[in-house]
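Here's a quick briefing to read alongside the model. Have a look at the structure first, then we'll go through it topic by topic.

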2 protein chains.
Amino acid sequence: MRPTTKDLAKAAGVSLATVDRVLNRRAGVRKETVEAVNAAIVEIGFERNISAANLARGRRYRFEFLLPTAGDQFLESLVARIEEARTAFVGELTEVRFRRVLSDDPHQIASELTSIRPDTADGIAIMAPEAPQVRDATQRLMERGVKVVQFVSGQPGTRPVDFVGVDNNAAGATAGRLMGKFCTGHPGRILVIADTMTARDNVERRQGFDLVLTRDYPELEALPSVETHGDLERTHRIVRNLYSNFSDISGVYVLSSETRVALQAISEASDLSTQQVIAHERTSFNEEMLRNGGLDAVIAQNPGHLVRSAIRVLRARCDGREPIASQEQIRIEILIRENLGHGPSRVIQP
Amino acid sequence: MRPTTKDLAKAAGVSLATVDRVLNRRAGVRKETVEAVNAAIVEIGFERNISAANLARGRRYRFEFLLPTAGDQFLESLVARIEEARTAFVGELTEVRFRRVLSDDPHQIASELTSIRPDTADGIAIMAPEAPQVRDATQRLMERGVKVVQFVSGQPGTRPVDFVGVDNNAAGATAGRLMGKFCTGHPGRILVIADTMTARDNVERRQGFDLVLTRDYPELEALPSVETHGDLERTHRIVRNLYSNFSDISGVYVLSSETRVALQAISEASDLSTQQVIAHERTSFNEEMLRNGGLDAVIAQNPGHLVRSAIRVLRARCDGREPIASQEQIRIEILIRENLGHGPSRVIQP
DNA sequence: TATTTTCTGAGGTACGTACCTCAATTTGGT
DNA sequence: ACCAAATTGAGGTACGTACCTCAGAAAATA
């Protein structure tokens, strides 16, 4: 049988009460006694029964995701995964909610954060553009005892905070490498396009992309970033101009997770199938583009992993535990047509 | 507050005993009563407290992994992940062990399977080459009430069984696509090499690879598979011959997870850096090769996911639940130098 | 040594569910 | 309407841990 606290007490030669004090780090225990109990824990291989502990503690974790309103498909899939997690975690006494705020209004984000108190939520995952107000509000939130993780896009804070997301610099470098290898034998210019370059992740991706391209593929020249701002008309004009100026555009890199406007504008100005096109995030639009050949590769991060990882990190922090770093590493995925996966299921029912 | 069985009893207008009978599918309850309780479950949003249930039930899950002895690095990393899971799951009342058997002796595998009984283990994850004896032993194992998943490489069984692993056909197709795109402007032959072609996964990969190459890249010709059988000397001779016969080998595809012998033999016969080289599985050797440019891409499956997924599927089956198919989908990962990830940690401690 | 302070033990209740027994009630068949 | 069978209720114990109180023992201080 698996040893219980009772066995532990006997093994350590102390009472159940003292074992409890040590296990839950309560004050008023001599150092030698603590060590004796810890030694006994190792000796008999005691493992706390989490089910029993949760039950006795009646503990509940209430977490919230703070997401921008502006909704591209990637955000929608994040929301979908949060909904999934909401039901998947009920059994683990974890309540998950989310709220959305206008991403271009740091003031509103800050006031939203200010409204959160320890009796409302135990932890928050924040996805917001960088701004001093947001940083300060986050700081105060943490001081109030609410656990915080930076979600998907980091804030360059003064105080280190848990971050759940990919290294966007490396993601850009990944795109750069693929672009370089895909364009073998086709020297020329690379069109780089994004919704906006004020977002931190886009900037970092661009840096990583440029690094690889200039270092390893001098025959390719990345053009200055074109910003769409979601305006198809305007983007179309800019892009058309570029294509008439440069006849040697051999690749397109879409930095932002919103790819539709960019690709639509370009496809009206040029034949995409003759170029190598790389974009970000696994959206249904991008999947379709991969399947029909409009996209050659997609760099993605798994939204389900992001959400679950954020929850696990928050829960570890609430318990005063250290998150398992290796498990919370979010991978930079490369998707092409062949590894998209087809059916929803590969598990076969007997 | 979250509703309990007591609340459920009140809402359904029945006693606690009846609620218990319905929840645990015990016999002796009228159909109408069952339906009334189920309706109440939906109505009040009852969710069984898994912690309490586990505690009361005193349930323990004992799972075993059956792995081949022949150890390439991929297998070693599987073992490492099983060890991790062993400690990570103790809190969830799940015991994980593994045993290894000679992969080339179906008879021994079968007898190993025969020795497993429901009082020894609740579930088994089997990774074994295909053989009738193994299939039959698996069949009998399931009839004895032990839950089974096919692990990593599937058996083409008569009876459908849960399978945890990637679609190797798609994995090969992924390699084919990358090879095709990497070799743009370099028509020629592709050297395909594996430890053995008797393993099912290798055959499936080859099929997927060929499919893409012949359909989309007619300028590339994949040569017949070279088998190393772990014999460097012999492999070296064969490969040297090939390179002297064909001067236009522009790519190498290593089918099997053991890449060392293959790559070593080839690098002695030719300059690998002028060719596109694609291999399988994230081993430390392959990582190193990616970093130093000896490999251009690696197709991988995440061993940690494989192990955890197998455990989750087995646990679901033991509970009589259906596994969440989407969560147990194992992805085909593409690795290049830039998305390997560097440090172990991206979570920063406050 | 006397007194305070710190530490430890004993015993209790609670958490939500599983599973058991036995009696009471309802249902179905005749 | 009667009996047997099927169904339901009432009440109990158990799981392992958390957290509480209060008394008593040990250690530190004066």
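Which residue stands opposite A:I299 in strand 11 of chain A? That would be A:H280. Bear in mind that this is a predicted model.

**Chain A overall**
- Chain A has 14 helices and twelve strands.
- Its C-alpha trace spans about 85 × 50 × 40 Å along the principal axes.
- Of the 350 residues in chain A, 50% are buried.
- If you take the contacts in chain A with a separation of 6 or more, 71% of them are between residues 24 or more positions apart.

**Strand 9 and its partners**
- Strand 9 of chain A (residues 249–254) is mostly covered, with six of its six residues buried.
- On one pairing, strand 9 of chain A runs parallel to strand 6 of chain A (residues 188–194), and five bridges join the two.
- Within that pairing, A:V192 has A:Y253 of strand 9 as its bridge partner.
- Strand 9 of chain A also runs parallel to strand 10 of chain A, this time with three bridges.
- Here A:G251 sits opposite A:Q276 of strand 10.
- To get from strand 9 to strand 10, chain A passes through helix 11 (residues 260–269), and this β-α-β crossover is right-handed.

- Strand 10 (residues 276–280) and strand 11 of chain A pair in the parallel sense over three bridges.

- A:F46 lies in the loop between helix 3 (31–44) and helix 4 (50–57) of chain A.
- Setting aside neighbours within four places in sequence, A:F46 is in contact with A:P3, A:T4, A:T5, A:L8, A:L23 and A:I41.
- A:F46 and A:R2 are 44 residues apart in sequence, yet their C-alpha atoms are 7.5 Å apart in space.

**Where chain A meets chain B**
- The contact takes 63 residues from chain A and 62 residues from chain B.
- Between them the two chains bury about 5,600 Å², with 53% of it on carbon and sulfur atoms.
- There are six salt bridges between chain B and chain A.
- One of them links B:R331 to A:E333, with the closest N and O atoms 3.7 Å apart.
- Eight residue pairs are in polar contact between chain B and chain A, counting those with both residues at pLDDT 80 or more.
- On the chain B side, the elements that give two or more residues include helix 4 (50–57), helix 9 (200–216), helix 13 (303–318) and strand 12 (333–335).
- The largest share of that side, seven residues, comes from helix 8 of chain B.

How values were computed:
Residues are numbered from 1 along each chain as its sequence is written. Chains are lettered from A and ligands numbered from 1 in the order in which they are written. This is a predicted model: local features need pLDDT of at least 70, side-chain atom pairs count only at pLDDT 80 or more; totals for chains, interfaces and linings use all residues. Side-chain values use heavy atoms; hydrogens and water are left out. Two strands pair if DSSP finds at least two bridges between them. Helices (H or I, at least four residues) and strands (E, at least two) are DSSP runs, numbered from the N terminus. Contact means heavy atoms within 4.5 Å. Buried area is the accessible area (1.4 Å probe) that two parts lose on being put together, summed over both. A salt bridge is a side-chain nitrogen of Lys or Arg within 4 Å of a carboxyl oxygen of Asp or Glu. A polar contact is a pair of N or O atoms within 3.5 Å; within protein, one must be able to donate a hydrogen and the other to accept it, and residues adjacent in sequence count only if both atoms are side-chain atoms. Buried means under 20% relative accessible area, exposed over 50%, partly exposed in between (1.4 Å probe, protein chains only). A crossover is right-handed if, with the strands pointing away from the viewer, the path from the first strand over the helix to the second runs clockwise.
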